[in-house]
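Subject: A structure to look through

Dear colleague,

I am handing over a structure that I would like you to open beside this message. Please keep it in view while you read, and turn to each part as it comes up.

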Amino acid sequence: MACFVDILGMRNKLNLVDNDEEKLLEIYSILKEFYSNFNGYMIKKHDNFTWPQINLFSDCAYLSVPPYSTQTGFAHSSYDYYGIIINGLAFAQGYMLLHRNIFIRGGISFGTCIYSQNLEVSSAYYNAYKIESEVATYPIIAIHGLSSDDYEILKGLDAYGGERNVGNPNEDILIDLNLPEFKGKKLYMLNYLYKYMLDTEGFINSDNFIEVISNHKKKIIAAHNENTNKRIKEKYYWLGMTYHNYFLKKYTNIEDSLIKDFLINERDFITN
């Protein structure tokens, strides 16, 4: 399994900082915070497994996961291990958006990997990058390469991505929002808002549920309105109208937090 993640907005910041150490440290702190939330999630939930290889640089991260599960001990039965990684990424994505106003886009793919200490070769890396950059181009993390059986098993993991059928069901960690197919297979989206709220807010039973939902809505609308490029604005439009509204309709009857106040027409855009 390989994952490519892009921290949106960092490239533009890097273009402006030049050799300003203070501004570079600010960007460094954002990357570190993403890693700390991903890393911290896994330590908190499962501290006894082979650690994935993760490399962060400038505005993106590569993550590779060896095909091994300490829960099962078998290379081809590693759903629990993959589930931990998927849940950790979704949690970190939700945290960075809701706490730091940082949107994250990424691709995850499964494939055979040949690797040693300093060398890794896999089509999964290429596929993950292509998904992130050319296919699922919205501020989401999309996953590719799952059979229908894989999808059902990963949905059946417990709420923390560990052993199946333990604890609260986590069946909505992967959702189908009709993303474009890639190499003949469906793409599923990591349901980051669901994961974040499940782990921090007790989900729908929380008094903070409305506050979190409203915060999510405001950040999407602000990102949309702050951008002058039509292509970028449309990505935030999709995130609000498709994902945010899907979430509200799926889990609540709250009409007030539905995004229905975007006005998309040509005069709103100043294209580069």
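Contact here means that heavy atoms lie within 4.5 Å. With that in mind, residues 24 or more positions apart account for 68% of the contacts in the protein chain that have a separation of 6 or more. Please remember throughout that this is a predicted model. The protein chain holds 8 helices and 9 strands, and buried residues make up 52% of its 272 residues.

I would start with helix α7, which covers residues 209-226. The residues of α7 that are buried are F209, V212, I213, H216, K217, K219, I220, I221, A223 and H224.

Next, please look at how helix α6 (residues 192-200) sits against α7. Two packed helices are described by the angle between their axes and the distance between the axes. For α6 and α7, the axes come within 12 Å and cross at roughly 150°. Since angles over 145 degrees count as roughly antiparallel, α6 is roughly antiparallel to α7. The crossing of these two helices, α6 and α7, is right-handed. On the α6 side the contact is made by Y192, L193, Y196 and M197, while α7 brings F209, V212, I213 and H216. Sorted by class, this contact of α6 with α7 has 7 nonpolar residues, 1 polar residue and no charged ones.

Helix α6 also meets helix α8 (residues 230-251), and here the axes come within 10 Å and cross at roughly 45°. The helices α6 and α8 are therefore oblique to each other. Y192, L193, Y194 and M197 of α6 make this contact with L239, Y243, F247 and Y251 of α8. The residues of the contact of α6 with α8 divide into 8 nonpolar, no polar and no charged.

Helix α4 (residues 123-135) is worth a look as well, and its buried residues are A124, Y125, N127, A128, K130, I131, E132 and V135. Which strands do the buried residues of α4 pack against? They pack against β1 (2-7), β3 (60-64), β4 (104-109), β6 (120-122), β7 (141-144) and β9 (187-190).

In helix α3 (residues 79-100) you will find I85, which counts as buried because its relative accessible area is 0%. From C-alpha to C-alpha, I85 and S64 are 9.9 Å apart in space, although 21 residues separate them in sequence.

Finally, there are two loop residues whose backbone angles deserve a careful look. Most residues other than glycine have a negative phi. N101 lies in the loop between α3 and β4, and it counts as partly exposed because its relative accessibility is 40%. K183, also a residue other than glycine, has a positive phi near 50°. K183 lies in the loop between β8 (174-175) and β9, and with a relative accessible area of 57% it is exposed.

Technical notes
Residues are numbered from 1 along each chain as its sequence is written. This is a predicted model: local features need pLDDT of at least 70, side-chain atom pairs count only at pLDDT 80 or more; totals for chains, interfaces and linings use all residues. Side-chain values use heavy atoms; hydrogens and water are left out. Helices (H or I, at least four residues) and strands (E, at least two) are DSSP runs, numbered from the N terminus. The expected span of a helix is 1.5 Å times one less than its number of residues. Buried means under 20% relative accessible area, exposed over 50%, partly exposed in between (1.4 Å probe, protein chains only). Axes are lines fitted to C-alpha atoms, for helices over the stretch in contact, and angles run from 0 to 180 degrees between N-to-C directions. Angles under 35 degrees count as roughly parallel, over 145 as roughly antiparallel, 65 to 115 as roughly perpendicular and the rest as oblique. A crossing is left-handed if the near helix is turned anticlockwise from the far one by less than a right angle, and right-handed if clockwise. Ala, Val, Leu, Ile, Met, Phe, Trp, Tyr, Cys and Pro count as nonpolar, Asp, Glu, Lys and Arg as charged, and the others, Gly among them, as polar.
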